[in-house]
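Q: I would like a close look at one part of this protein, with its surroundings described step by step. Please take the sequence and the structure below as the starting point.

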Amino acid sequence: MTLKRSLSHWTGRQQHGSAMTETLISLPLLLLLGLGGLQTALLYDAKTTLNYATFEAARIGAVDHAQSESMREELGLRLAPLFGGDGSVRKAMAAITRASLDVRSKGFTKIEIINPTIEAFDNFGRDLVDPRTKEVRFGIPNSHLRWRSRDIGSSGVNIQDANLLKIKVTYGYKLRVPLMDRLIPALMSRIDPQNFLFYTVGRIPLTSVATVRMQSAAWRDEGNVHAEGRGGGATPPAGEEGTGHGQEGSVPGGEDNPDDEAGQGGDDDAGDDDENDADDDTTTDDDDLPSIIDSIGDGDDQGGPVCENPANPTAQSSGIAGSHCSVPFSCRIFCQIICRRIC
């Protein structure tokens with residue numbers, strides 16, 4: 001009995017303070033896991049907010065001639081939720097102001113225009129008149145795209161794909177969780193040295209891409225930053241079978257059209273912004289119907305025609321992709337001819 005008491009007393013003295021030692025070892029690891037999880041959740045929220053802000057900025061660019069300044073203003077407005085607020089007007093205005101000033105720093109907020117490219121401007125651009133200020137600007141026409149040629153230009157896209165606005169936004173998100181704002185940039189600067197500038201100030205570069213259809217003519221501006229390489233159009237590159245000038249299945253109005261001064265297909269005068277002639281530009285005659293029917297041949301792989309607006313037959317569909325009629329155009333023409341014969 002005496003031996004057992006001695007052993008138990010000696011063992012108890014050896015285990016005294018072991019709980020404190022284990023706590024000191026595990027507490028830093030638990031602290032890193034907790035702070036890291038919190039910062040990961042904030043990064044996910046920032047990325048979701050940036051995706052929405054990028055899409056809204058692209059929509060503003062689509063109606064404002066693809067100008068980066070207007071897109072930057074909209075981006076700052078949509079990133080305001082990242083700067084907090086309690087629902088009051090004062091806090092909301094403070095968040096909007098901070099976000100707008102943050103995106104003004106071009107070193108940490110970059111807006112690159114992937115499409116249209118500089119090559120597309122050189123290929124399809126011409127002098128256009130601003131309907132508001134009557135100033136002459138160099139840009140890509142946006143009117144009557146349905147009737148313009150779908151031939152591939154030297155830029156690798158046609159004029160329809162050149163009217164897709166695709167932007168890439170890179171935003172430096174400021175880390176705000178203690179300890180993570182130093183640990184994560186230190187690790188990322190070794191893994192990703194190309195973005196060293198972001199990490200030196202405790203920021204993480206987040207990127208987002210958005211694509212919308214242009215609702216106005218894209219203007220060339222020296223202030224816009226264009227990404228290197230070809231744009232993001234869906235048209236196959238030039239040189240493949242079934243594409244190029246003079247191929248079968250192209251929409252009438254290409255190089256053989258005497259009214260096409262810029263070599264873009266269609267009538268250049270049809271895209272004028274004169275409001276007095278708007279009704280004349282949006283009216284089609286019955287004489288144009290045979291040429292449209294003849295253009296739909298065996299080898300025409302352009303899909304169904306865009307649904308027409310009765311008030312404006314040449315109006316383009318809004319949104320990212322144009323809607324198409326479910327019934328093929330040739331079938332509708334055939335049905336109309338049969339109905340006329342029966343009646």
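In which helix does Leu183 lie, and what can be said about the surface around that part?

A: In this predicted model, Leu183 lies in helix H7, which covers residues 180–191. Because buried means under 20% relative accessible area and exposed means over 50%, Leu183 counts as partly exposed, with a relative accessibility of 35%. Leu183 belongs to a nonpolar patch on the surface that also includes Leu29, Leu31, Leu32, Leu179 and Leu187, and together these residues have about 520 Å² of accessible area. Helix H7 and helix H2, the latter spanning 18–63, each supply at least two residues of this patch, and H2 gives the most to it, with three residues.

The loop between strand E4 (164–174) and H7 holds Arg176, which at 43% relative accessibility likewise counts as partly exposed. Arg176 is part of a surface patch of positive charge, where it gathers with Arg90, Lys91, Arg98 and Lys174. Helix H4, made of residues 89–104, contributes the largest share of this positive patch, namely three residues.

Elsewhere in the model, three strands form an open, antiparallel sheet in the order E2-E3-E6. Strand E2 (126–129) and strand E6 (218–219) stand at the edges with a single partner strand each, so one side of each has no neighbour in the sheet. Strand E3, residues 136–140, pairs with E6 in the antiparallel sense over two bridges, and Gly139 stands opposite Trp219 of E6.

Conventions. Residues numbered from 1 in each chain as written. Predicted model: local features only at pLDDT ≥ 70, side-chain atom pairs only at ≥ 80, totals over all residues. Heavy atoms only, no water. Patch = residues over 30% accessible without salt bridge, like charges linked within 9 Å, V, L, I, M, F, W, Y side chains within 5 Å. Areas by Shrake-Rupley, 256 points an atom, 1.4 Å probe, with all protein chains shown as cover. Salt bridge = Lys/Arg side-chain N within 4 Å of Asp/Glu carboxyl O. Helix = DSSP H or I, 4+ residues; strand = E, 2+ residues; numbered from the N terminus. Buried < 20%, exposed > 50% of the residue type's maximum accessible area, 1.4 Å probe, protein only. Lys, Arg positive; Asp, Glu negative; His and termini not counted. Charge placed at Lys NZ, Arg CZ, Asp CG, Glu CD. Pairing = 2+ DSSP bridges.
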